[in-house]
Each structure stands twice: as C-alpha cells, then as structure tokens.
Amino acid sequence: GWIAAARVEELANKMASARKIILQGCEEAPDSEDVWLEAARLHPPDTAKAILANAVKRLPTSVKIWMQAAELETLEIRKKAVLRRSLEFIPNSVQLWKAAIALENATDARIMLARAVECVPQAVEMWLALARLETHENARKVLNQAREAIPTERATWITAAKLEEAHGNAHLVNRIIEKMVVSLAQYQVVIKRDDWLQDVIEAERAQSPLTCTALIRYTIGQGVEAEDRQKTWMDDADYCLTLHPPAVHTARSILNFALEVFPHKKGIWWQLANLEKEYGNASSLEDVLKRGVQHVPRA
C-alpha cells in the first residue's frame, strides 16, 4: 500500500510527495524490505545510502538491502566494506559471497572462498571456484572435501576428472568417472539423460576429450531400454552435430561406444563414416571403413 501510494505521486511527477509518503511507510512498516528498497530508489544516492544504513539496522539479514547498499557505492573499497560487513550478519548467503569475491584479487579471493565453503558447504560453485584458484595438489584436496560435503553433486567429480586430464593423469580419468557413477547410485541420485549429455558436451567444450569419452562410457546407457539403445545413441550423435559449433568429439565417441555394443550394425558404421567424411580426414575415414568391413563383411 505504501509503495503503491508513493508510485501514484511519482507518476504525477510529485517527487517530494512520493518521498514523503515512502519515508512514512518506512516508519509504519519497518520490517518490509520492499518499502526500504523503494525509499532508496526514490531518493538521490546520498540520501538513499542513509536510508539503507537505517534499513540494515532494522533488517540486518536482508540480502537484498545489503546488495542494494553495495550497489550504491561508487568506490570499490566502499563496496568491499559493505559486502564484508554484510557477511558478518549473513554468512550463509551465496549471493553476497559471490558479490564480495568478485571484487577481490586472486589471492584475497582464494582466502575468501576458503571461508565461504566453510560457511556455505552446500554451494558447489564456491568449491569449484576455489579449486580453480588453487595449485594442482591443493585443488585435488579441495575437490575431495567438496565431494565429502556434497556427495550427491556430480560437478565436483567431473571437475576432478578434468583437473587430472589437464595435468596429464589420463589413467585417473576413467577411474574418477566410474567412481562417480557408483557413488551417485549409492545415494540414489537420478540424473536425466539430457543433463548427462550436456555434461559430456561441456567437457568437450572445455578441451577435456578424455573426460568427455569417459562420461559417455559410464552414463550414455542410463535411462535407456535395451531395445532402444541403438536408435537412441544414433539420435544422440545426430543431435551433437546440430549444435553450433557441432560437438564432433562427443558424437564420434557416442558412435564408437555404440559400436562396442553393436559391432555388426551397418547403420552405425555408416553414420560414423559420414561423420569422419565431413569432420575428420582421409586417414580417419579410411580407418572407420576398414574396421567396418571387418565387422560387417557383407555390407
């Protein structure tokens, strides 16, 4: 009601009246964060800062009010101060942590992220951000801690696989992805096929082809009836090539895996040969055709 009354005056270009009404609203409804935010919006920045300073005294756990207070600050050092102060009152707010960390350099961000994952251990994005800033050994430890904190989250496992691949530990990639699938099954986590396929494509985009292939090996069969596997996998490969840019490695890996299961299916060999013809080279095409005629000699 107070907000509506103030906006009527604002629309009539009676700003003085609108501001008077909304300030009265702050007195009458001091526990409404929307009224405080509207008051800040209707006033010039310096006055708005003072209004929000009163607002956080009344509502110290309002994330929106703290975020708006930080937004009004023009100096970065003042923004940092506001956000750090807000975290004293709301240490479990992912939004505030993200805003505060975004303003820091790499060293301070790492320190703040280490604190953030203590305060909000369920925030997977914080764990992943911390791992990105750490050395290989420390990142490995961080991801292990993340898996303990959030055992039902697949992103920490996939990131661990990408990390090992990036550091030349190819032999660990399959092992990590296999463990992930077993662990998620133990916790009865059901993940849609589309989400798995998205993870695979993202691994390819992140220049992690081994992780991409391992994900296909251990997840592509989930949620597919035995009699539907061939058609589903061929459709998956087709879909990957319709993307912009096309996910060629993903499509190729899906078809190669399908051929491990159905080595005598001419249609899959034909589809893979066409893929190599368009996206591969003469050598890769010849390799597919040679393997194909070995398995389907009458085709």
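Guide: Let us begin with a definition: a residue is buried under 20% relative accessible area, exposed over 50%, and partly exposed in between. Please note also that this is a predicted model.

Visitor: What makes Lys98 partly exposed?

Guide: The relative accessible area of Lys98 is 44%.

Visitor: Why is the contact of Lys98 and Glu125 called a salt bridge?

Guide: The rule asks for a side-chain nitrogen of Lys or Arg within 4 Å of a carboxyl oxygen of Asp or Glu. For Lys98 and Glu125 the N to O value is 3.0 Å, and the pair therefore meets the definition. Lys98 belongs to helix H7 and Glu125 to helix H9, so the bridge ties together parts 27 residues apart in sequence. Glu125, at 38% relative accessibility, is partly exposed.

Visitor: How do you know that Glu164 and Arg140 form a salt bridge?

Guide: Their N to O value is 2.8 Å, and the cut-off is 4 Å. Glu164 lies in helix H11 and Arg140 in helix H10, so this pair ties together parts that are 24 residues apart in sequence. Glu164 is buried, at 4% relative accessible area, whereas Arg140 is partly exposed, at 28%.

Visitor: What makes Asp236 buried, and which residue does Asp236 form a salt bridge with?

Guide: Asp236 has a relative accessible area of 9%, and buried means under 20%. Its salt-bridge partner is Arg193, with the closest N and O atoms 2.5 Å apart. Asp236 lies in helix H15 and Arg193 in helix H13, so the pair ties together parts 43 residues apart in sequence.

Visitor: How many salt bridges are counted by this rule?

Guide: The count comes to 22. Arg7, Glu10, Glu38 and Arg41 are linked in a network of such bridges.

Visitor: Are Cys212 and Cys240 buried or exposed?

Guide: Cys212 has 0% relative accessibility, and Cys240 likewise has a relative accessible area of 0%. Buried means under 20%, so Cys212 counts as buried and so does Cys240. Cys212 is one of the buried residues of helix H14, and these pack against helices H11, H12, H13 and H16.

Note on methods. Residues numbered from 1 in each chain as written. Predicted model: local features only at pLDDT ≥ 70, side-chain atom pairs only at ≥ 80, totals over all residues. Heavy atoms only, no water. Buried < 20%, exposed > 50% of the residue type's maximum accessible area, 1.4 Å probe, protein only. Helix = DSSP H or I, 4+ residues; strand = E, 2+ residues; numbered from the N terminus. Contact = heavy atoms within 4.5 Å.
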